[in-house]
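Take a look at the structure below. The text then walks through one part of it, strand by strand.

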Amino acid sequence: MLYEQSTPSIGSPLGLTATDPAALAKGLTAHSEATLEPSASYSFLSEFVQRHIGPDAAERQAMLEALGYSSLGALIDAAVPAIIRRQEPLHLAEGTSETAALQRLRQIAEQNQVWRSYIGLGYASTLTPPVIQRNILENPGWYTQYTPYQPEISQGRLEALLNFQTLITDLTALEIANASLLDEGTAAAEAMALSFHSRRHKQAKIFWVAADCHPQTIDVVITRALPLGIEVKVGDHRALTFESGSSDGSIFGVLLQYPATDGAIYSYSDLIERAHAAGALVTVAADLLSLTLLQPPGELGADIAVGSSQRFGVPLGYGGPHAAYFATRQAYARKLPGRLVGVSKDSYGKPALRLALQTREQHIRRDAATSNICTAQVLLAVIASMYAVYHGPTGLKQIASRIHNLTVVLAKALQQAGFDLGIEPFFDTLRVQTGDHTESILSRAVERRINLRQIDSATLGVALDETTTVADVQDLIAVFSGNSAASLELAADLTSAWALPSALLRTSPYLTHPVFNTHHSETEMLRYMHQLQAKDLSLTAAMIPLGSCTMKLNATAEMVPITWPEFGQIHPFAPLEQTQGYQQLFRDLEAWLAEITGFAGVSLQPNAGAQGEYAGLLVIREYHLQRGDSHRTVCLIPQSAHGTNPASAVMAGMKVVAVACDDDGNIDVADLKAKAEKHQDNLAALMVTYPSTHGVFEEAIREICDIVHQHGGQVYMDGANMNAQVGLCRPADFGADVCHLNLHKTFCIPHGGGGPGVGPIGVKAHLAPFLPGHCLVPVGGDQAIGAMTSAPWGSASILPISWMYITMMGSAGLQLATETAILNANYIAKRLEGHYDILYTGQNGLVAHECIVDLRPFKKTADVSVEDVAKRLIDYGFHPPTMSWPVAGTLMVEPTESEAKVELDRFCDAMIAIREEIRAVETGQVPADGSALKQAPHTAEDLVAAQWERPYSREQAIFPSAWVRQHKFWPAVNRIDQAYGDRNLVCSCPPMDSYE
């Protein structure tokens with residue numbers, strides 16, 4: 001994870017390595033002798049580059065002429081400050097074709113060994129129904145969707161997420177659940193934070209964790225607790241007391257595992273009652289599938305339930321991505337972390353879904369936020385919800401019962417063979433006392449390519465799952481007993497085996513809503529999923545020009561490998577010798593990202609951008625602590641920063657001090673200098689986004705970094721806008737000490753409707769020892785900050801996407817992508833010139849890879865709001881740009897490099913046409929309250945409505961351009977009443993009669 005910057009790493013797609021001087025010299029010579037405008041003679045530009053980059057050479061030239069530049073190089077020289085420009089190409093291999101890249105990655109994948117893993121620890125092999133795999137996981141209509149901030153064109157995935165929330169509330173018997181979190185460890189840490197901020201006794205500082213929780217969960221909780229001053233105590237829950245005046249009298253929260261990590265099932269009702277009497281909240285980390293059989297946490301009295309939905313059809317993927325769940329009582333709804341889908345109504349009074357309680361979003365609450373979670377694992381939550389829809393309550397119970405029955409049969413056989421199984425009852429996991437036989441058992445397991453969990457030198461764990469067969473159980477019996485002919489009557493036992501006492505059995509109903517009891521044939525399931533897909537605008541329909549979100553092409557060749565078994569069917573704690581392909585993939589990506597950013601070390605562990613922010617700040621915090629500078633806690637943050645920045649800083653134990661921006665949207669250097677001097681004794685860090693949040697290359701960035709360093713601080717750079725830097729400049733070169741990268745933005749992992757993502761961090765050499773570690777598979781340095789995620793390498797199974805992207809693009813292709821993104825953004829700004837004001841520009845009147853369109857004047861001249869323009873864009877077939885961020889009343893547009901000129905022109909034509917609609921209001925031709933802008937978006941129901949008493953025609957409303965006559969995307973609902981939904985909070989599936 002640590003790289004010498006003096007000898008840059010060379011990418012490996014063509015077999016180049018840093019130890020191959022001839023190949024290295026050849027590669028550098030090829031780059032140095034060629035320009036970066038593509039031509040047939042430039043062999044180092046792979047064919048894939050023209051697949052990824054939308055405008056061809058002729059289109060690029062036409063756009064350059066419109067901007068007044070003779071070449072792409074001239075534009076970049078004018079847009080990007082020379083003081084930060086890199087003077088040599090990236091030391092990466094040449095790009096390669098899709099076929100060659102897939103062949104190379106296949107060779108890497110084959111180094112992974114797919115064994116049968118019965119390790120457990122909260123992860124289980126599962127069967128993804130093929131109808132879900134093909135039509136959700138492998139379907140760009142689902143994985144290229146954006147976060148549902150525009151609900152009128154997001155009703156499909158919002159319904160799938162509402163199904164997920166209903167699944168969670170029903171199985172946990174709690175009142176409200178969010179739309180997923182990053183993983184089980186993160187969810188447990190968020191439960192700790194909610195308990196801490198809700199505590200009855202403000203002096204309480206202890207979060208008590210049962211020792212039989214999953215070890216990786218404990219590790220993540222401890223990491224998250226330290227900066228907040230929370231003391232984590234780990235112990236035997238059976239010995240926990242809450243006596244007044246005892247050492248445990250200051251406990252504010254308790255975390256329990258259900259079933260425990262070794263498989264044991266306990267009834268926690270008495271413990272929970274005693275905790276409540278002492279003023280503590282109780283979180284139960286529960287196996288979701290077991291809750292079809294076991295008494296749910298809510299009925300036990302728990303305040304919060306957390307866990308993973310991975311075993312609901314989501315592949316192991318060496319640890320992720322997986323959708324965690326978080327459920328709690330209604331009393332804590334406004335403290336619930338993450339996103340929440342709720343039911344509201346549209347302008348016709350029809351039920352409509354949207355994200356609820358949006359005041360909890362971090363860009364609003366900033367440093368007052370109790371969490372920096374601004375993402376979810378939407379695509380994975382959708383898969384889990386569809387798994388529940390497909391199987392229904394009866395099918396889920398049958399799956400759970402079969403797993404439990406097989407476990408009972410295995411337990412009986414092991415007991416007959418003389419093994420002590422320890423604590424009972426159990427659901428799917430056994431703790432086997434193996435004594436002196438441990439090594440011989442493990443040896444026999446290796447012979448059969450079976451992974452068991454080694455709890456200690458005399459104890460093994462074995463956890464069964466949905467994929468386990470009778471033959472697998474026979475193999476396990478043979479592994480433990482050494483008798484290959486064991487248990488010939490196994491199949492007969494399956495019909496009668498049952499080992500759960502009646503007191504622990506669930507008696508309450510669940511999943512009674514019709515959606516979970518209707519779509520059980522593949523025909524019905526297929527139609528249901530496609531009905532939902534048709535309600536969502538994805539990249540399959542049109543450009544999604546969202547500022548700061550980089551909705552670029554997610555190429556099919558990049559996506560293909562994620563469902564290969566060699567990547568998808570690997571347990572995150574499988575022995576390293578079985579995962580050499582993954583290790584090679586990690587080494588490649590770490591080296592390439594280090595070269596692209598200029599940093600000395602990279603950690604791939606953070607599995608979201610916000611988590612990367614947090615990890616980067618913890619690295620800085622630990623660096624100061626190790627130097628004895630525990631007083632350095634002040635974090636300077638520009639006023640324009642994304643809301644997760646101040647939220648992350650507070651979570652990292654820092655105090656936020658805002659820095660002003662000047663009239664051009666840049667950091668006010670004088671104010672920064674004054675704040676740095678004022679807090680120089682306590683300055684920990686500056687958080688800065690580059691290019692700026694306003695979409696501009698700030699020329700003072702080196703000076704800004706120098707000021708912070710001169711006053712003892714470190715510079716954290718938010719990498720959200722890295723798509724404007726790759727190949728042109730490197731954060732480490734102009735002063736950043738740590739930077740997170742959004743692989744789901746710049747490096748092509750799709751957004752998946754609001755998740756998954758990966759947010760690795762790069763650091764300079766002095767910070768490398770503090771990169772994230774992990775309790776079960778050591779990663780990071782000797783002084784690592786601890787685990788950020790439940791799995792050692794976070795969301796490992798989607799890293800092949802970024803590997804493929806970099807491999808196919810190569811050094812020159814990556815740079816051309818960056819330059820084209822800048823070209824496209826400036827072309828849009830130029831075409832809109834004279835119709836709208838572009839709020840901020842840099843040197844020579846140019847923007848970076850995004851631009852801000854100012855709509856604020858129209859509120860005064862025509863009573864037209866930014867929301868009116870955004871919703872009207874839907875009628876023109878486009879997803880609206882980012883609304884009111886970073887400046888209220890504006891649209892932030894980022895076209896990316898993947899959109900062709902024809903699509904850019906369509907968007908600009910739509911914006912210009914909308915400007916004329918605004919002008920019609922300004923001149924009195926159309927009343928302000930009767931314009932199409934106020935009624936947008938328009939639906940098919942508007943087309944067929946019996947009466948039409950509006951001052952504009954149906955044709956103008958629904959077919960405002962020639963393009964939408966050819967290809968019309970129909971929003972599912974009219975404009976949604978957000979306030980109504982928050983006043984009448986409903987966050988699970990409503991009764992079917994509400995849709996009548």
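Two strands pair if DSSP finds at least two bridges between them. The model examined here is predicted.

Start with strand 15, residues 634-638. Strand 15 and strand 16, residues 655-659, pair in the parallel sense over five bridges. Within this pairing, Pro 638 stands opposite Val 659 of strand 16. How does the chain get from strand 15 to strand 16? The path runs through helix 23, residues 644-651, and this β-α-β crossover is right-handed.

Strand 15 has another partner. With strand 17, residues 683-689, strand 15 pairs in the parallel sense over three bridges. Here Leu 636 has Leu 686 of strand 17 as its bridge partner.

Now turn to the two faces. In a regular strand the side chains alternate between the two faces of the sheet. On one side of strand 15 lie Val 634, Leu 636 and Pro 638, and on the other Cys 635 and Ile 637. These residues are all buried, so both faces are covered. Because five of the five residues are buried, strand 15 is largely enclosed by the rest of the structure.

Go back to helix 23, where Asn 645 is found. Is Asn 645 buried or exposed? Its relative accessibility is 0%, so Asn 645 counts as buried; the cut-off for buried is under 20%. Setting aside residues up to four places away in sequence, Asn 645 touches Glu 613, Ile 637, Met 687, Thr 689 and Asp 718. Ile 637 belongs to the buried set of strand 15. With Asp 718, Asn 645 also makes a side-chain polar contact of 3.2 Å.

Technical notes:
Residues are numbered from 1 along each chain as its sequence is written. This is a predicted model: local features need pLDDT of at least 70, side-chain atom pairs count only at pLDDT 80 or more; totals for chains, interfaces and linings use all residues. Side-chain values use heavy atoms; hydrogens and water are left out. Buried means under 20% relative accessible area, exposed over 50%, partly exposed in between (1.4 Å probe, protein chains only). Helices (H or I, at least four residues) and strands (E, at least two) are DSSP runs, numbered from the N terminus. A crossover is right-handed if, with the strands pointing away from the viewer, the path from the first strand over the helix to the second runs clockwise. A polar contact is a pair of N or O atoms within 3.5 Å; within protein, one must be able to donate a hydrogen and the other to accept it, and residues adjacent in sequence count only if both atoms are side-chain atoms. Contact means heavy atoms within 4.5 Å.
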